Protein chains: 2
Amino acid sequence: MARLVLKFGGTSVAGITEIENAAAKVATEDGRGHKVAVVVSAMAGVTNQLVEYCRSISPLHDAREYDAVVSTGENVTSGLMAMALQKRGIQARSWQGWQVPVMCSDMHGKARILEIRTSDMEERMESGEVAVMAGFQGVSPRNRVTTIGRGGGDTSAVALAAALKADRCDIYTDVDGVYTTDPRIVPQARKLSKVSYEEMLEMSSLGAKVLQSRSVEMAMKHGVPVQVLSTFAEPVGSDLPGTLVTKEEDIMEQQLVNGVTYSKDEAKVTLVKVPDKPGIAASIFGPLADGNINVDMIVQNTSADGKTTDMTFTVPHADMQKALEILKNSPELKGTEIRNDEKVVKVSVVGIGMRSHAGVAQTMFRALAEKGINIQVISTSEIKVSVLISSEYTELAVRALHSAYGLEKHQKLA
Amino acid sequence: MARLVLKFGGTSVAGITEIENAAAKVATEDGRGHKVAVVVSAMAGVTNQLVEYCRSISPLHDAREYDAVVSTGENVTSGLMAMALQKRGIQARSWQGWQVPVMCSDMHGKARILEIRTSDMEERMESGEVAVMAGFQGVSPRNRVTTIGRGGGDTSAVALAAALKADRCDIYTDVDGVYTTDPRIVPQARKLSKVSYEEMLEMSSLGAKVLQSRSVEMAMKHGVPVQVLSTFAEPVGSDLPGTLVTKEEDIMEQQLVNGVTYSKDEAKVTLVKVPDKPGIAASIFGPLADGNINVDMIVQNTSADGKTTDMTFTVPHADMQKALEILKNSPELKGTEIRNDEKVVKVSVVGIGMRSHAGVAQTMFRALAEKGINIQVISTSEIKVSVLISSEYTELAVRALHSAYGLEKHQKLA
């Protein structure tokens, strides 16, 4: 008998049929004798509609009222899910954020979960009742409804699992696990049975949209094992049909590289002939940070003439115009040519095995060179290597790397 | 400077445009220096959709979960209304039932409002903020969301007005007041400027759907003046453009008859040759009451042979089959023929003036006789006379009565 948190995203509860299907999954775990808490998102499309209502009244709406409005979608689903479970003869009740309560900071629209006081919920779960919590929401110290940001449902689920000291948090979604890469590009992509928090975190922030980075961070911090699995597939022959995101130590067979990811949400900015003097980087990136623009990959060339240098970095697509505006108005950059390129993609390889094995980056560079792909910028961390390349090569590069690291087959570290 | 509660029903907040229009009405009252609280319904159609979700999961759903689901529509509107007011530079905030709190009984789906604790709300209203409360909902002693029954928005508004000791409760709807009769039948129908609680109560329960009976009862009990007015018409030349429902004493010019109403929600049941013995009425109506069937008009003929009698009464349309079932299974009615007729309508005239003036019923009977309309059953109260007639005469009867009492022109009591 374990304690489990099951989380169903928007497509998994898109309509009554899907809610009943999700209830069947819950019933299976309940039938195994587990104590189950469920976390639900709004029915697919509902939150977008509510956000649209708010925007059409005013783009500058009160974040407290926005939260009061957009949090209602999850309340609907939690009530309907409780009904669907009761129909199957399972005791169940819905919990809205303020009822649990899920105590949040009052940063409306992107609140942090401070504490989930689960004593009432646990008491009822112990008596055999399934708890169905509305995800994405909580209550502020001022007794107002807060939301924890788009995609916050995963974070709600992991936070509840941590508070309940659950044995596992199962995230039901429309894919059946975490893959070595995007199967739409590489049909041979292989589903990973296990992946470490660190790898998942890199993969999430590098563009694999299976789990929200924040929820992975929280799972890692609290040591909650998270399984990503499909709501729509029938599990066959395994207790854990999806991908388990867990501690590095719990993964017996470490892979050198576990995934190839890509992100098209990048734009490249190049500053030609920047004055090469102390403090210049700060004077460029300070104003961008003040403008709330997240600069990612940065390369500074060595100075050829000792007076000027070239500098290249990436910013999110959506922020590029704003970044150019800021740079053009910078007094330090007078006389500097500013170039930009949106047709770039960041391709990355991720794997914990890199920590102890050399040559990973070299394999990457060689594989790309063989296909004639020019690398514009390189950045590395302990467990990933990212390169910026022209976006027209996206599929070619991803396939070449997937093959170069032999990801289509289960490989072992030597 | 007065304290006002403004209530907007579903059609008055059907979409963003309508919400902004309603906000303009609130702004007008706020601009006059009044302290304003607003009560809103769900956007038209939303509650029906939510009810449909619940029904499609199970017709026998948990009423607590039903309440959690269907109450969300009002939460959406209250947040959007607060935003729309803020956009006009008016301080405003939304209040969900549990936030006020609106303390309710735990009769889920049809809870009673026990108490509205308005101290927090009043404090903020005094500081110049408009309170926007989600109607139709409250919180139970067990901290669950409750709803107070369909159409409960009016009741929420009047209850809030009573708790705030408001000077008036304005119910904005899609008609511009209470009419002497249905203007779709009688184009000369006249809008009443004032009507008493007692008359309004009779008119509401007799089929005029302008206000919910329960809200009128509550207004009468707490002495809250209620104005019914249109959200869509621009008021011209009057502080009170709608109909004021108020105390009898506050209405200077009493009318003999103030309204002609009709209800098609009636079905007639006739029992032929009922044994004429003591206790027979109790043995008929007891089982119907136990079956939760509301019997309305009752007529018992005098016995011709001293042994049997005929008995006629009405029940709501929806309950007729159930009523027939109960009667057929009654041992006391063996040998009694049971007839039923759904093609009937109850037409009523209502007026406080009846209390002190004779001849009102006579005028009614004569007017109907002149048109050749046969009266099947008659029932009277202190301030109304109702007759049951064949439904094919509905429009003819209503027009004849409207004219017979001279309702198209402003008449004075002699």
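**Figure 1. Contact between chain A and chain B in the predicted model**. Chain A contributes 26 residues to the contact, and chain B contributes 26 residues. On the side of chain A that touches chain B, the elements giving two or more residues are α2 (46-57), α3 (63-70) and α4 (72-87) of chain A. Of these, α4(A) gives the most, with 10 residues. By class, the residues on this side of chain A comprise 13 nonpolar, 10 polar and 3 charged.

**Figure 2. Packing of helices α1 and α4 within chain B**. Helix α1 (residues 16-31) of chain B packs against helix α4 (residues 72-87) of chain B at an angle of about 60°, and their axes are 9 Å apart. Angles from 65 to 115 degrees count as roughly perpendicular and those under 35 as roughly parallel; α1(B) and α4(B) are therefore oblique to each other. Their crossing is right-handed. From α1(B), the contact is made by I19(B), E20(B), A22(B), A23(B) and V26(B). From α4(B), L80(B), M81(B), A84(B) and L85(B) take part. The contact of α1(B) with α4(B) has 8 nonpolar residues, no polar residues and 1 charged residue.

**Figure 3. Open sheet of 4 strands in chain B**. The strand order is β13-β18-β20-β19 (chain B), with antiparallel pairing. At the edges are β13 (259-263) and β19 of chain B, each of which pairs on one side only. Direction ignored, neighbouring strands of this sheet are turned by 20° against each other on average.

**Figure 4. Strand β20 of chain B and its pairing with β18(B)**. Of the 7 residues of strand β20 (residues 384-390) of chain B, 6 are buried, so the strand is largely enclosed by the rest of the structure. Strand β18 (residues 344-350) of chain B runs antiparallel to β20(B) and is joined to β20(B) by 7 bridges. Within this pairing, V344(B) stands opposite S390(B), and V347(B) stands opposite V387(B). In a regular strand, side chains alternate between the two faces of the sheet.

**Figure 5. Hairpin of β19 and β20 in chain B**. Between β19(B) and β20(B) there are 2 residues, and the two strands form a hairpin. Strand β19 (residues 377-381) of chain B is joined to β20(B) by 5 bridges, and the two strands run antiparallel. T380(B) has V385(B) in β20(B) as its bridge partner. In the sheet order, β20(B) lies between β18(B) and β19(B).

Notes: Residues numbered from 1 in each chain as written. Chains lettered and ligands numbered in written order. Predicted model: local features only at pLDDT ≥ 70, side-chain atom pairs only at ≥ 80, totals over all residues. Contact = placed C-beta atoms within 7 Å. Nonpolar A, V, L, I, M, F, W, Y, C, P; charged D, E, K, R; others polar. Buried ≥ 20, exposed ≤ 12 C-beta atoms within 10 Å, placed from the backbone. Pairing = 2+ DSSP bridges. Axes fitted to C-alpha atoms, helices over the stretch in contact; angles between N-to-C directions. Parallel < 35°, antiparallel > 145°, perpendicular 65-115°, else oblique. Left-handed = near helix turned anticlockwise from the far one by under 90°.
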